[in-house]
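Trainee: I've got the model open. Can we walk through it together?

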Amino acid sequence: MRTSWNENHAALRGTAAAEPVFSHTNHGVDFFLFPLTVPRLSGAEDRLNVVAPAPLLADFPLTPGRQVEVAGEVRTFNNR
């Protein structure tokens with residue numbers, strides 16, 4: 001049942017699998033990409049790419065193996 005026009009929310013808890021690397025700049029803000037491994041109940045792991053703004057990473061530096069929780073939106077784009 002649809003209750004709102006914007007229900008695109010995601011919350012993930014997992015382990016940073018690598019150091020963040022530069023992805024792109026938008027409106028003067030640099031964004032970085034890092035893979036997040038998220039365990040399933042079955043024991044398998046999903047590896048998801050997370051894009052985060054540089055100011056956020058400055059406040060919460062990431063290193064591989066660090067446990068993190070992220071909240072945001074699921075986005076797709078055409079990579080040409």
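Trainee: In β4, which residue is the bridge partner of Phe-32?
Mentor: Ala-52. Strands here are DSSP runs of E, at least two residues long, and helices are runs of H or I of at least four, numbered from the N terminus.

Trainee: Where do the coordinates come from, and how far do you go with them?
Mentor: This is a predicted model, so local features need pLDDT of at least 70 and side-chain atom pairs count only at pLDDT 80 or more, while totals for chains, interfaces and linings use all residues. Residues are numbered from 1 along each chain as its sequence is written, and side-chain values use heavy atoms, with hydrogens and water left out.

Trainee: Back to the strands. How many bridges are there between β3 and strand β4?
Mentor: 9, and the pairing is antiparallel. Two strands pair if DSSP finds at least two bridges between them. β3 and β4 form a hairpin with 5 residues between them. Gly-43, in that turn, has a positive phi of about 100 degrees.

Trainee: What joins β2 to β3?
Mentor: 5 bridges, with the strands running antiparallel. Phe-22 has Phe-32 as its bridge partner in β3. Phe-32 also has a bridge partner in β4, namely Ala-52.

Trainee: And strand β1, parallel or antiparallel to β3?
Mentor: Antiparallel, over 2 bridges. β1 covers residues 10-16. Thr-15 has Thr-37 as its bridge partner in β3.

Trainee: Is Thr-37 buried or exposed?
Mentor: Thr-37 is buried, with a relative accessible area of 12%. Buried means under 20%, exposed over 50%, partly exposed in between, using a 1.4 Å probe and protein chains only.

Trainee: What is Thr-37 in contact with, leaving aside its neighbours within four places in sequence?
Mentor: Gly-14, Thr-15, Ala-17, Glu-45, Asp-46 and Arg-47. Contact means heavy atoms within 4.5 Å.

Trainee: Zoom out. In what order do the elements run from the N terminus?
Mentor: β-β-β-β-α-β. That comes to 1 helix and 5 strands. Of the 80 residues, 16% count as buried. Take contacts between residues at least 6 apart in sequence: 43% of them join residues at least 24 apart.

Trainee: Switching to charges. How many salt bridges does a search of the whole structure find?
Mentor: 3. The criterion is a side-chain nitrogen of Lys or Arg within 4 Å of a carboxyl oxygen of Asp or Glu. One joins Glu-69 to Arg-13, with the closest N and O atoms 3.1 Å apart. That pair links distant parts of the chain: Glu-69 is in strand β5 (residues 67-72), Arg-13 in strand β1, and they are 56 residues apart.

Trainee: Are Glu-69 and Arg-13 buried or exposed?
Mentor: Glu-69 counts as exposed at 54% relative accessibility. Arg-13 is exposed too, at 58%.

Trainee: What about Arg-40 and Asp-46?
Mentor: Their side chains meet in a salt bridge, 2.9 Å from N to O. Arg-40 is partly exposed at 48%, and Asp-46 is partly exposed at 28%.

Trainee: And Glu-73 with Arg-75?
Mentor: Another salt bridge, 2.4 Å from N to O. Glu-73 counts as partly exposed at 39% relative accessibility, whereas Arg-75 counts as exposed at 65%.

Trainee: Last topic. How much space lies in the largest pocket?
Mentor: About 1000 Å³. On a 1 Å grid over the protein atoms alone, a pocket is an open set of points where a 1.4 Å probe fits, with protein on both sides within 12 Å along at least five of seven lines. Points are joined across faces, edges and corners, and the volume is the space filled by probe spheres set on them.

Trainee: Which residues lie nearest its centre?
Mentor: Asn-49, Val-50, Val-51, Ala-52 and Glu-73, out of 31 lining residues. Lining means having an atom within 4 Å of a point. The elements that give two or more residues to the lining are β1, β2, β3, β4, α1 (54-59) and β5.
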